[in-house]
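This report looks at contacts between charged side chains. The sequence and the structure are shown first.

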Amino acid sequence: MGEPKPTILFYCQHSLGMGHLVRSLALAESLVSKFRVVLLNGGKLPRRIRVPANVEIVNLPPLGFDEHNHLVSRDGRRSLERAHTLREKLILQTYRAEKPEVVLIELFPFGRKKFANELIPLLEEANGRSKIVCSLRDILVGQRKDQARFEERAIETANRFFDAILVHSDLKFARIEESFITSKPLHVPVFYTGFVTPPSLPLKVNNRQGQIKRIIISAGGGI
């Protein structure tokens with residue numbers, strides 16, 4: 001049977017669109033060959049989304065942002081406050097039950113500030129017990145009123161808890177310091193993984209022209 005695979009506990013919160021979820025699922029699918037992947041899903045799963053085989057999903061009470069950028073419960077049975085309480089408990093319960101070798105957190109602390117109340121307890125619990133890694137998009141968006149203070153707190157949190165940062169970009173295209181500018185030094189090793197894409201679907205070839213025709217459609221906040 002061989003040795004059991006090491007466990008990765010992967011936290012993903014999609015709030016406005018589906019890009020973060022799609023990227024996280026693609027990463028999880030690539031990791032299952034060498035790891036057991038348990039995905040903490042913080043948003044509402046679209047019904048037709050494809051969840052990779054062998055990726056274990058733990059669905060937290062779903063939260064997201066409405067059109068006014070207010071955090072809301074996506075489950076009509078629970079208030080926002082009740083959802084927060086249940087999520088905090090379930091995240092820690094899952095960590096303690098799984099005892100993962102790696103905790104992989106999507107975007108935080110470089111985003112997801114409104115979810116710090118559930119993520120800081122996880123980081124404190126995992127600190128010294130698991131490797132803690134950040135999964136980070138290529139270009140970070142900074143539009144906060146308190147952007148400078150936010151960036152300082154993010155660097156402080158990263159330096160305190162994280163063992164590595166995975167930036168899903170080519171460093172010739174976008175580097176973390178180009179979209180996250182702060183006077184505080186980042187002491188955590190940064191690794192550029194290249195861009196993350198789902199497995200390619202077979203493309204139909206137009207035999208008359210001998211060309212592959214492609215259409216690229218992009219929708220920000222495309223949920």
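How many salt bridges does the count come to? In this predicted model, the count comes to eleven salt bridges.

| Side chain with nitrogen | Side chain with oxygen | N to O distance |
|---|---|---|
| Arg77 | Asp75 | 2.8 Å |
| Arg149 | Glu152 | 3.3 Å |
| Arg149 | Glu156 | 3.8 Å |

**Arg77 and Asp75**

The salt bridge between Arg77 and Asp75 has an N to O distance of 2.8 Å. Asp75 has a relative accessible area of 11%, so Asp75 is buried, the limit being under 20%.

Where do Arg149 and Glu152 lie? Both are in helix H4, which covers residues 147-161. They are three residues apart, about one turn of the helix.

Arg149 is partly exposed, with a relative accessible area of 37%. Glu152 is partly exposed as well, at 26%, and Glu156 falls in the partly exposed class at 33% relative accessibility.

Which residues are linked with Arg149 in a network of salt bridges? The network links Arg149 with Glu152, Glu156 and Lys184.

Notes: Residues are numbered from 1 along each chain as its sequence is written. This is a predicted model: local features need pLDDT of at least 70, side-chain atom pairs count only at pLDDT 80 or more; totals for chains, interfaces and linings use all residues. Side-chain values use heavy atoms; hydrogens and water are left out. A salt bridge is a side-chain nitrogen of Lys or Arg within 4 Å of a carboxyl oxygen of Asp or Glu. Buried means under 20% relative accessible area, exposed over 50%, partly exposed in between (1.4 Å probe, protein chains only). Helices (H or I, at least four residues) and strands (E, at least two) are DSSP runs, numbered from the N terminus.
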